[in-house]
Structure formats: C-alpha cells, structure tokens
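Please examine the sequence and the structure shown below before reading on.

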Amino acid sequence: MPEGDTVWQTARRLHSALAGHVLTRSDLRVPKYATADLTGRTVLDVTPRGKHLLTRIEGGLTLHSHLRMDGSWKVYAPGERWSGGPGHQIRVILGTADRTAVGYRLPVLDLLRTTDEERAVGHLGPDLLGPDWDPDKALANLLRDPARPLGEALLDQRNLAGIGNIYKSELCFLLRATPWLPVGDLPAEHAARLPALAKKLLEANRDRPARSTTGRRDQNLYVYGRAPRPCLRCRTSIRTANQGDGSRERPTYWCPTCQQGPAPHPRPSPHPRPSPHR
C-alpha cells in the first residue's frame, strides 16, 4: 500500500536509475499517449510530491504518475527478468543504456508540460517529505472543517500530502483519538503535536525497507492490520471497521481503550494477520 514514504523511495530509485541518462526506449501504453516518443531525450530528475511522481524530461516535459493502491515502478538491469506482473499490466517503459524502468498497474499516467505540473499536483497540501512542508499550514488545513472525522481529514491530500491508510490508523493511535473523532474535538495539545508527529513517522521510514511506527523489533505497527490481537499498550483486542467519505471505504484499526472518541460497531476482521501491503 504506497504511502508518502514508499513514493519517496520509489522516486529515489527511479532518479538513481534514469536521471542524467538519455532514453533509448519509450513506450507509453495508454491510448492517449500511444504515439508519444521520448527516445533521445535526457531524464532530468524524478521528484516525489506527496503520493505523486513527477519524472521530468528534457524538452520541458513531465511524466506524471500515481501508484494508488496497486501500482508500482520496477527498475531492471540489462538481461534481468521482469517480475512486476504480467505484460498486460505494464503501462509505461522508460529505458536507458543501463537500466529499464517499468510502471505496472499505474491508474494515473499523464504526459504534460513541466510548466503545467500544477494542474496535477497544485491541489496538494504541504508535503510531509517535501521542501514545501509547513506544519502551521497543515494544521490549519486540518482544522478548517472541525466536524470532519480525524481519519478522513488525515487522508485528504489537500490538507497535507503523504498520509495513507496505515499512517492514518497509526497516527490516531499515537494521538489517543479514534479516527471518527471530529478533528475539532481533538485536544489542543494533541492537535499541536500532530504535524510534527506525522512528519517524524514518515521521515523515520523513508529509508527503511520495512515500515515501523513502534520502534520495536517484535512488532512494527501498533494497530494497523492487527485486529483482533491485543493492543501493545493495554492488551485490549484491536478492532477494525470501514471508514470512508463515500468515494472509497478503507479498513481502519483502533484500540477502544487507548483511543477516545466515537467509533462504529466493530466488524469481524477479514485480516487476522498483518496486511501484506505494509
């Protein structure tokens, strides 16, 4: 499940493989761009923006991609077997003399002018791992709709960019609030530390192969994917329920003892073991 730290790692891997090199292969398997040919152009850089990837190419072009739930970018050496999925799931191939980057199951793929990047990412709030990070603005964005459930506010990339379903559940646990608590009801001292805590979690994990929010060797996450196992703090069974704004229902995890606030009736967990997308 790609979140801001995963996208940051993907951008770094793509940048290392492609930046400064001339494209010798270009294949955009999207009908709109089927005739686009980027060969002969140099890749300038690959930059993450929240959960978005911006691959900037000589000539004032940017290839914009988004991984959403199932997308991925893989980088292969010459002669290496491609293993990211079947061929029909490939959406883009960018090759140089040394490396080939392959985008699988990318639900968003756009080729635009670099000067028009704001059309793709201009709606995003401050990026937790970006140079535009502004904790005061992020908090003001979150509190702009005080009746909105905390979990939904955290997932809204217009408030702050980079948090996905895992960090949503983990942040709510660390703030001792259920994801259904109206964000305006979050105690002032907890609200004040929210932006710094979110940034700390993503920064701590952007260089890690396995995400961890606990600092423990035996358990990486406090609540996400752990229902109905016991809470690491109080031993109460972790619960799970769907939370969404109507566009998508997302499994959400919380401890009914450690976290204060409203919560829906719990449902049996379909994932008694940690999510493999962690």
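**A guided reading of the model**

Strands β6 and β7 are joined by a hairpin through four residues. Helices (H or I, at least four residues) and strands (E, at least two) are DSSP runs, numbered from the N terminus. The model is a predicted one, in which local features need pLDDT of at least 70 and side-chain atom pairs count only at pLDDT 80 or more, while totals for chains, interfaces and linings use all residues. Residues are numbered from 1 along each chain as its sequence is written, and side-chain values use heavy atoms, with hydrogens and water left out.

Strands of a sheet pair through backbone hydrogen bonds, either parallel or antiparallel. Here two strands count as paired if DSSP finds at least two bridges between them. Strand β6 pairs with β7 (residues 100–104) in the antiparallel sense over five bridges; within this pairing, G95 has T100 in β7 as its bridge partner, and I90 stands opposite Y104 in β7. Strand β1 (residues 25–28) also pairs with β6 in the antiparallel sense, over four bridges, and R25 has G95 in β6 as its bridge partner.

Four strands in the order β1-β6-β7-β5 form this open sheet, with antiparallel pairing. The edges are β1 and β5 (72–76), each with a single partner strand, so one side of each has no neighbour in the sheet. On average, neighbouring strands of the sheet are turned by 15° against each other, direction ignored; the axes are lines fitted to C-alpha atoms, for helices over the stretch in contact, and angles run from 0 to 180 degrees between N-to-C directions.

How enclosed is strand β6 (residues 90–95) by the rest of the structure? Five of its six residues are buried, so β6 is largely enclosed. A residue is buried under 20% relative accessible area, exposed over 50%, and partly exposed in between (1.4 Å probe, protein chains only).

Attention now turns to helix α1. Buried residues of α1 include W8 and L14. After the helix comes G20, whose phi is positive, near 85°. R206 lies over the face of W8, at 4.7 Å from the ring centre; a charge sits over a ring if NZ of Lys or CZ of Arg is within 6 Å of the ring centre and within 35 degrees of the ring normal.

The whole structure holds four aromatic pairs. Rings of Phe, Tyr and Trp (its six-membered ring) pair if their centres lie within 6.5 Å; planes under 30 degrees apart count as stacked, over 60 as edge-to-face and the rest as tilted. The pair of Y76 and W82 is stacked, because the ring centres are 5.8 Å apart and the planes stand at 15°. Y76 counts as buried at 3% relative accessibility, whereas W82 is partly exposed at 29%. The rings of Y224 and Y253, with centres 4.9 Å apart and planes at 65°, are therefore edge-to-face.

Finally, the structure holds zero disulfides, a disulfide being a pair of cysteine sulfur atoms within 2.5 Å. The sulfur of C172 is 13 Å from the closest cysteine sulfur, in C255, which is too far for a bond. C255 is in no disulfide either, and the nearest cysteine sulfur, that of C234, is 3.5 Å away.
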